[in-house]
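Here is a briefing on a predicted model, grouped by topic. Keep the sequence and the 3D view open while you read.

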Amino acid sequence: MTVVIAGYARTAFVRYCGAFARVPATALGAHAIAAALADAGVDPADVGQVVAGQVLQGAAGQNPARQSAVGAGIPLTVPASTLNVVCLSGTEAVAAGARLIAAGEARIVVALGQESMTLAPHASAARMGRRYGSIDLIDTMAHDGLTDAFERRSMGASTEHHGERHAIPRADQDAWAVESHRRAAEFRDLAAAEIAPYEVKPGADAVAVDDGVRPDASTEALARLRPAFGEGGTITAGNASQLSDGAAAVVLADESLGTRALARVLATALVAGPDVSLHEQPAAAAEAALVRAGRRVEELATAEISEAFASVTLASARRMGLDLARVNPHGGAIAIGHPIGASGARLVGHAARTVAAAGPGALGVATLCGGGGQGSAVLVEAV
């Protein structure tokens with residue numbers, strides 16, 4: 001059974017504590033689903049299942065995927081599942097949806113990624129009370145989303161440590177960050193075509209632009225930033241992804257239904273280890289997906305590679321021998337933002353749109369790294 005991407009839409013990705021500060025992830029997800037279904041020309045009643053990736057689920061309510069589905073007008077008779085694979089959640093939602101269709105369990109599946117990093121609560125294991133002394137609050141955004149569970153340190157500090165063996169100079173990381181902003185600014189019209197404007201308050205201007213893009217970014221300005229994870233380090237706030245809120249939805253369908261089709265899903269891959277480092281996980285996942293499809297790196301017209309950190313993108317592109325002109329050609333998470341559960345769905349949807357514009361047979365991959373040392377990839381081919 002061949003699975004196609006029939007539609008894709010997303011919200012703008014906006015800065016942490018910004019325009020979406022009071023908007024739940026489920027509301028953003030519902031908006032993205034409704035827009036993606038409209039893009040695909042699919043009636044919500046025809047959806048067979050919904051799978052949503054969301055990392056920060058504390059205080060979000062039961063099964064956020066189902067909340068988002070119902071909020072988008074999908075009937076209560078349609079089941080929904082929420083999964084958490086950290087930054088891989090969006091791509092793994094797509095992979096799970098494709099498997100459901102391939103197994104004959106559904107003919108149309110919505111794969112969603114959604115996140116409100118702003119609304120991730122602070123928490124305390126205080127149910128038993130405390131007889132004496134202070135009670136500490138855990139920042140669930142940091143603890144559940146941005147801290148390696150094995151090394152017990154932030155993903156940035158971990159990436160700084162493991163980056164030493166990849167020897168990617170600070171200047172190269174800063175230059176890639178500037179290029180990410182330049183490309184995102186240059187191709188803002190492309191982004192606008194996939195963004196479904198969201199009206200936070202009735203009568204207010206709808207949020208329709210990724211607000212982290214800085215067209216005036218320069219290597220000179222980035223060079224002045226202090227290392228974020230220790231003296232002598234290479235990772236800074238300027239060459240790492242932005243904390244963001246947003247959602248992205250991909251409509252998957254059995255090709256025999258004859259729906260609109262941007263691209264076919266050729267293969268998916270989830271890889272892990274041998275350690276918890278991030279740098280080459282996107283490359284390892286992309287390579288595994290290519291092997292499964294019987295295709296080669298040289299055939300890729302485009303590669304959407306995680307920009308959790310510039311060093312990750314550069315290390316994975318180097319391992320795959322990719323021309324950087326084909327990597328994140330319209331900008332990445334350094335400029336656009338990285339709502340951790342949503343980014344994978346954005347990369348898949350945007351890769352599908354990019355290969356569709358390139359013409360039939362064009363090959364693309366969306367691939368990410370995830371906390372704990374895993375990688376996830378979705379390989380797509382234009383119809």
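Gly-364 stands opposite Val-380 of strand β14. Helices (H or I, at least four residues) and strands (E, at least two) are DSSP runs, numbered from the N terminus. The model is predicted, so local features need pLDDT of at least 70 and side-chain atom pairs count only at pLDDT 80 or more, while totals for chains, interfaces and linings use all residues. Residues are numbered from 1 along each chain as its sequence is written, and side-chain values use heavy atoms, with hydrogens and water left out.

**Pairing**

- Two strands pair if DSSP finds at least two bridges between them.
- β13 (residues 363-370) and β14 (residues 374-382) run antiparallel, and eight bridges join them.
- β12 (residues 300-305) pairs with β13 in the parallel sense, over five bridges.
- Ile-305 has Thr-367 of β13 as its bridge partner.
- Three residues sit between the strands in the β13 and β14 hairpin. There, Gly-372 takes a positive phi near 90°.

**Burial of β13**

- Buried means under 20% relative accessible area, exposed over 50%, and partly exposed in between (1.4 Å probe, protein chains only).
- Eight of the eight residues of β13 are buried.
- Leu-363, Val-365, Thr-367 and Cys-369 point one way from the strand. Gly-364, Ala-366, Leu-368 and Gly-370 point the other way. Both sets are buried.

**Cysteines**

- How many disulfides (pairs of cysteine sulfur atoms within 2.5 Å) does the structure hold? The structure holds zero.
- Cys-17 is in no disulfide, and the nearest cysteine sulfur, that of Cys-87, is 18 Å away.
- Cys-17 is exposed, at 52% relative accessible area. Its place is in the loop between β2 (14-15) and α1.
- Cys-17 also has a positive phi near 60°, and it is not a glycine.
- Cys-87 is buried, with a relative accessible area of 11%.

**Nonpolar cores**

- A nonpolar core is a set of buried Ala, Val, Leu, Ile, Met, Phe, Trp, Tyr and Cys residues joined through side-chain atoms within 4.5 Å.
- In soluble globular proteins, nonpolar side chains tend to be buried together.
- The largest core here has 35 residues. Those with the most contacts inside it are Ile-33, Leu-37, Val-47, Val-50, Ile-74, Val-110 and Val-251.
- Two or more of its residues come from each of β1 (3-10), α1 (25-40), β3 (49-53), α2 (64-71), β5 (108-116) and β10 (244-254).
- α1 gives the largest share of this core, seven residues.
- Apart from this core lies another, of 34 residues, including Ile-5, Val-85, Val-109 and Val-355.
- Contact means heavy atoms within 4.5 Å. Not counting residues up to four places away in sequence, Val-50 touches Ile-33, Ala-65, Ala-69, Ile-74, Pro-79, Ala-80, Ser-81 and Val-110.

**Helix α2**

- Which residues of α2 are buried? They are Pro-64, Ala-65, Ser-68 and Ala-69.
- Seen down the helix axis, these buried residues fall within an arc of 135°, so they line one face of α2. The arc is that of the directions from the helix axis to the C-beta atoms.
- The buried residues of α2 pack against α1, β3, β4 (80-83) and β5.
- Gly-73 follows α2 and has a positive phi, near 95°.

**Gln-114**

- Gln-114 is found in strand β5. At 0% relative accessibility, Gln-114 counts as buried.
- Its side chain makes a polar contact with the side chain of Ser-68, at 2.7 Å. A polar contact is a pair of N or O atoms within 3.5 Å; within protein, one must be able to donate a hydrogen and the other to accept it, and residues adjacent in sequence count only if both atoms are side-chain atoms.
- Leaving aside neighbours within four places in sequence, the contacts of Gln-114 include Ala-25, Gly-53, Pro-64, Ser-68, Gly-246 and Gly-341.

**Backbone notes**

- Most residues other than glycine have a negative phi, and most peptide bonds are trans.
- Asn-63 has a positive phi of about 35° although it is not a glycine. Asn-63 lies in the loop between β3 and α2, and is partly exposed at 30% relative accessibility.
- Gly-273 and Pro-274 are joined by a cis peptide bond, with omega about 10°. Pro-274 is in the loop between β11 (263-272) and α9 (281-293).

Methods: Disulfide = S-S within 2.5 Å.
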